[in-house]
Amino acid sequence: MAGTGGRPSVFPTLLYADAKAAIAQLTEAFGFTELSVYEGEDGAVLHAELVQGNGAVMLGSKGRGGVFDTAMKEAGPSGVYVVVDDVDAHHQRAVDHGAEILMPPTDQDYGSRDYMARDTEGNIWSFGTYAPDTGA
């Protein structure tokens with residue numbers, strides 16, 4: 001069953017005009033690990049899975065056609081929250097790799113410490129210590 005045994009059951013899914021650049025930024029600046037990348041003959045990223053902790057994000061190249069690509073065509077930037085153990089070290093890694101920081105590490109009223117960055121195509125990534133207990 002998804003969501004048990006360390007398998008996430010929710011995967012943010014994003015499309016990028018330059019999916020290879022997005023994968024590079026997400027792995028180098030934001031510390032994701034490349035689990036799989038499938039490319040078409042033209043070099044477009046058909047599907048990629050990147051993991052961090054026990055979560056994952058799926059992504060691919062825009063303009064490949066299909067229902068999801070068509071549905072996402074006019075979509076604006078998305079926001080993704082990722083739980084990390086050491087916000088300050090994670091933030092420094094992002095800074096060192098030239099990520100656009102929108103909010104430096106900040107202690108929140110609800111007990112989390114987080115920072116916010118924008119990726120190469122405008123999606124907003126928040127990294128912090130807030131991890132709600134979902135009862136799963």
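Predicted model: local features only at pLDDT ≥ 70, side-chain atom pairs only at ≥ 80, totals over all residues.
I begin with the chain as a whole. It contains three helices and eight strands, and from the N terminus on these elements follow the order β-α-β-β-β-α-β-α-β-β-β. Along the principal axes, the C-alpha atoms fill a box of roughly 45 × 40 × 25 Å. Of the 136 residues, 33% count as buried. Among contacts with a separation of 6 or more, 52% join residues 24 or more positions apart.

Four strands form an open sheet in the order 1-4-3-2, and the pairing is mixed. Its edges are strand 1, residues 13-16, and strand 2, each of which pairs on one side only. On average, neighbouring strands of this sheet are turned by 20° against each other, direction ignored. As a general point, the strands of a sheet pair through backbone hydrogen bonds, in either a parallel or an antiparallel sense. Here, strand 3, residues 45-52, and strand 4, residues 55-61, are antiparallel and share five bridges. Within this part of the sheet, Ala48 stands opposite Leu59 of strand 4. Helix 1 packs on the sheet and touches strand 1, strand 2, strand 3 and strand 4; the direction of the helix makes about 10° with that of strand 3.

Which residues have the most contacts inside the largest nonpolar core? They are Tyr16, Leu26, Phe30, Phe32, Leu59, Trp125 and Phe127, in a core of 24 residues. Strand 1, helix 1, strand 3, strand 4, strand 5 (79-83), helix 3, strand 7 and strand 8 (124-128) are the elements that give two or more residues to this core. Helix 1 gives the most, with four residues. Beyond its neighbours within four places in sequence, Leu59 is in contact with Leu14, Tyr16, Ala19, Ile23, Leu26, Val45, His47, Ala48 and Leu50.

Finally, the charged pairs. How many salt bridges does a search of the whole structure find? The search finds four, and I shall describe some of them. In one, the side chains of Glu39 and Lys20 meet, with an N to O distance of 3.4 Å. This pair links distant parts of the chain, with Glu39 in strand 2 (residues 33-39) and Lys20 in helix 1 (residues 19-28), 19 residues apart. Glu39 is partly exposed at a relative accessible area of 44%, and Lys20 is partly exposed at 41%.

Arg113 takes part in two of the bridges I wish to show. Asp88 forms a salt bridge with Arg113, and the closest N and O atoms are 2.9 Å apart. That pair also links distant parts of the chain: Asp88 lies in helix 3 (residues 87-96) and Arg113 in strand 7 (residues 113-118), 25 residues apart. Asp107 likewise forms a salt bridge with Arg113, the closest N and O atoms being 3.0 Å apart. As for accessibility, Asp88 is partly exposed at 36%, Arg113 is partly exposed at 24%, and Asp107 is exposed, with a relative accessible area of 56%.

Thank you for your attention.

Note on methods:
Residues numbered from 1 in each chain as written. Heavy atoms only, no water. Buried < 20%, exposed > 50% of the residue type's maximum accessible area, 1.4 Å probe, protein only. Pairing = 2+ DSSP bridges. Axes fitted to C-alpha atoms, helices over the stretch in contact; angles between N-to-C directions. Contact = heavy atoms within 4.5 Å. Core = buried A, V, L, I, M, F, W, Y, C linked by side-chain atoms within 4.5 Å.
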